[in-house]
Amino acid sequence: RSLRVRSRGVSDGGLEYLANMKQLTTLAIEDSYAVSDYGMEFVGQMTGLKELSLAQAIQVTDDGLAHLSGLTNLNHLDLRLVPIAAHGVEHLQKLSKLAWLDLGRTHVDDEAIVYLRALGSLRSLNIMSTHVTDTGLQTLGEMSGLRSLILRDLNISDEGLAQLSTLRNLGRLELCGVAGITDTSVPVLSKLTQLRLLDVTDTGITEAGANELRAALPSASISP
């Protein structure tokens with residue numbers, strides 16, 4: 001019921017063969033340079049899938065993701081390093097059970113985040129090293145179900161981060177490498193009392209600010 005392959009040699013032809021394996025619930029085809037939008041047609045036929053990873057499938061585009069819109073049982077989707085943008089994310093809006101989504105190092109932007117609002121079951125989101133800005137954070141602030149949010153290496157500021165003060169259920173927040181976050185954000189972060197992991201490494205938060213966060217969030221592991 002589970003198949004994980006990490007190889008550049010996996011092709012669309014292999015996915016055509018797998019399309020007949022209706023019992024598959026987990027499929028991970030990672031680091032494939034040969035799988036394309038054509039192969040996504042066959043993945044879209046695997047309607048029993050609950051977990052799907054296409055990490056670094058560099059030939060898959062926004063149009064290819066259209067074939068995944070019928071995988072309504074998916075709760076875990078990994079699209080790291082897949083060259084997709086907002087139009088591709090738009091095709092994911094029907095995945096009502098999706099709880100975990102990795103869009104790290106893709107081309108997604110603020111428009112893509114708007115489409116994510118349709119995913120009411122979403123709990124964990126990675127958008128590190130994307131084109132999301134403060135505008136996108138305003139939209140994220142409306143997604144109260146989020147429990148884990150990875151915002152590493154984004155071009156965002158204290159003003160944008162303030163929009164996340166409504167996410168009172170967040171247990172994990174990673175801001176590593178976000179130079180635009182400073183001690184101004186300490187009062188905002190201090191209100192996120194459910195945090196258990198907070199990473200502010202290589203931000204503009206000073207040692208004094210980090211110590212203030214540790215005092216305000218005694219249950220959280222705070223880096224650095």
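Q: Why is Gln45 called partly exposed?
A: In this predicted model, Gln45 has a relative accessible area of 37%, and since buried means under 20% and exposed means over 50%, with partly exposed in between, Gln45 is therefore partly exposed.

Q: Where is the place of Gln45, and which residues is Gln45 in contact with, leaving aside its neighbours within four places in sequence?
A: Gln45 sits in the loop that runs between α2 (37–43) and β3 (51–53), and, once neighbours within four places in sequence are left aside, Gln45 is in contact with Ala19 and Lys22. The C-alpha atoms of Gln45 and His67 are separated by 8.4 Å, although these residues are 22 residues apart along the chain.

Q: What makes Ala85 count as buried, partly exposed or exposed?
A: The relative accessibility of Ala85 is 22%, and because the class called buried requires a value under 20% while exposed requires one over 50%, Ala85 counts as partly exposed.

Q: Where does Ala85 lie, and which residues does Ala85 touch, not counting residues up to four places away in sequence?
A: Ala85 belongs to the loop between β4 (76–78) and α4 (86–90), and, apart from residues up to four places away in sequence, Ala85 touches Asp62, His107 and Val108. Between the C-alpha atoms of Ala85 and Arg214, which are 129 residues apart along the chain, the separation is 37 Å.

Q: Why does Thr130 count as buried?
A: Thr130 has a relative accessibility of 10%, and because buried means under 20%, Thr130 counts as buried. This residue is found in the loop between β6 (124–126) and α6 (134–140), and, leaving aside neighbours within four places in sequence, Thr130 is in contact with Leu103, Arg105, Thr106, Val108 and Leu154.

Q: How far from the backbone oxygen of Ile127 is a polar atom of the side chain of Thr130?
A: The distance is 2.7 Å, and because a polar contact has its N or O atoms within 3.5 Å, this value meets the distance cut-off.

Q: How do you know that strand β2 pairs with β3?
A: Strand β2 (residues 26–30) is joined to β3 by 3 bridges, the two running parallel, and because two strands pair if at least two bridges are found between them, β2 and β3 therefore pair. Ala28 has Ser53, in β3, as its bridge partner.

Q: What makes β1 and β10 edge strands?
A: The open sheet has 10 strands, in the order β1-β2-β3-β4-β5-β6-β7-β8-β9-β10, with parallel pairing. Its edge strands are β1 (2–6) and β10 (221–223), each of which pairs on one side only.

Definitions and conventions: Residues are numbered from 1 along each chain as its sequence is written. This is a predicted model: local features need pLDDT of at least 70, side-chain atom pairs count only at pLDDT 80 or more; totals for chains, interfaces and linings use all residues. Side-chain values use heavy atoms; hydrogens and water are left out. Helices (H or I, at least four residues) and strands (E, at least two) are DSSP runs, numbered from the N terminus. Buried means under 20% relative accessible area, exposed over 50%, partly exposed in between (1.4 Å probe, protein chains only). Contact means heavy atoms within 4.5 Å. A polar contact is a pair of N or O atoms within 3.5 Å; within protein, one must be able to donate a hydrogen and the other to accept it, and residues adjacent in sequence count only if both atoms are side-chain atoms.
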